[in-house]
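Subject: Structure handover

Hello,

Here is the structure you are taking over. Please have it open while you read the notes below.

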Amino acid sequence: MSGMARGIGDISGKRLLIVGASRGIGLALAARAAQSGALVHLTARSAPAATQTAAALAAEHGASVTGHGLDIAAADATARLDAVLDAAGALDALIYNAGVSPVYARPEKITDEDFDAIARVNLRGPFLAARAFGARCLHDRRPGAIVFIASVASLIGTPRLSVYAATKAGVAGLTRGLAVDWAQDGIRVNAVAPGWVATDMTQGLQDNPRLHERLTTRVPMGRFAQPDEIADVALFLASDSARYVTGSVYSVDGGLVAG
């Protein structure tokens, strides 16, 4: 109702674009946002997957959810982003969740092609998305919030994930740099750094009893996170409750970094 103060983390009525939202953390983000009354635009590399995901969430939550196909690794990703943003219209927040980790290997076994594939999605992608979103905010002279999904792999040494960790460390640097550049323009930029999360990306690790035990033993809380536990923090950062928060990277890791 008009005149009533928003609750903590309230994103009802906010217009969000979630890049990479057909599964895992991204799907949890879109579901939580729709459930909370936000107007959600989501992307997936496959246009049919984006459309189907959006339709399912809209039906489940009685919310406004639209899906857009977007291959952020494509050579013409900037043009594709522009098309998505033009279709979405004015937005309050961008959450960049798209990420890949196609290899779990020692560095001497990682190919040039592996490196380029990871960097295009995990580091080039968030910059392109933020640049496009920020440019529109500046043009329209309106504030905005950007939230990147990074990783605690950028904060601690993680075996067999050297390139993935490097790209996520780049996201942390991008977060701080963009925050400083755009602070006076009312555009906030933050990142969430999840620890191990129970998604399809980590399914192989979860299915290996010895490896799963070795990983969870390092986590003080003794378990993988659920996707919605990451989503809740990201959506808080996108809300007006975090209006004085910018340039920060928040670990959501069950105590992994602290331990």
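Arg160 is partly exposed, at 39% relative accessible area; buried means under 20%, exposed over 50% and partly exposed in between, using a 1.4 Å probe and protein chains only. This is a predicted model, in which local features need pLDDT of at least 70, side-chain atom pairs count only at pLDDT 80 or more, and totals for chains, interfaces and linings use all residues. Residues are numbered from 1 along each chain as its sequence is written, and side-chain values use heavy atoms, with hydrogens and water left out.

Arg160 sits in the loop between strand E5 (144-149) and helix H5 (162-182). Helices (H or I, at least four residues) and strands (E, at least two) are DSSP runs, numbered from the N terminus. Together with Lys109, Arg210 and Arg214, Arg160 forms a positive surface patch. Patches are made of residues with over 30% relative accessible area and no salt bridge, where like charges are joined within 9 Å and nonpolar side chains (Val, Leu, Ile, Met, Phe, Trp, Tyr) within 5 Å. Lys and Arg count as positive, Asp and Glu as negative, while His and the chain ends are not counted.

Next, the salt bridges. A salt bridge is a side-chain nitrogen of Lys or Arg within 4 Å of a carboxyl oxygen of Asp or Glu. By this rule there are eleven salt bridges.

One of them joins Asp232 and Arg32, at 2.6 Å from N to O. Asp232 belongs to helix H8 and Arg32 to helix H1 (residues 24-35), so this pair links distant parts of the chain, 200 residues apart. Asp232 is partly exposed at 36%, and Arg32 is partly exposed at 26%. Arg32, Asp228 and Asp232 are linked in a network of salt bridges.

Another salt bridge is between Arg136 and Asp82, with the closest N and O atoms 3.4 Å apart. Arg136 is in helix H4 (residues 112-140) and Asp82 in helix H3 (residues 77-88), so the pair ties together parts that are 54 residues apart in sequence. Arg80 also forms a salt bridge, with Asp76, at 2.7 Å between the closest N and O atoms.

Is Ser239 buried or exposed? Ser239 counts as buried because its relative accessibility is 0%. Ser239 lies in the loop between helix H8 (227-238) and strand E7 (249-252), and its side chain reaches the backbone oxygen of Phe236 at 2.7 Å.

Regards

Conventions:
Areas by Shrake-Rupley, 256 points an atom, 1.4 Å probe, with all protein chains shown as cover. Charge placed at Lys NZ, Arg CZ, Asp CG, Glu CD. Polar contact = N/O pair within 3.5 Å; in protein donor to acceptor, adjacent residues only side chain to side chain.
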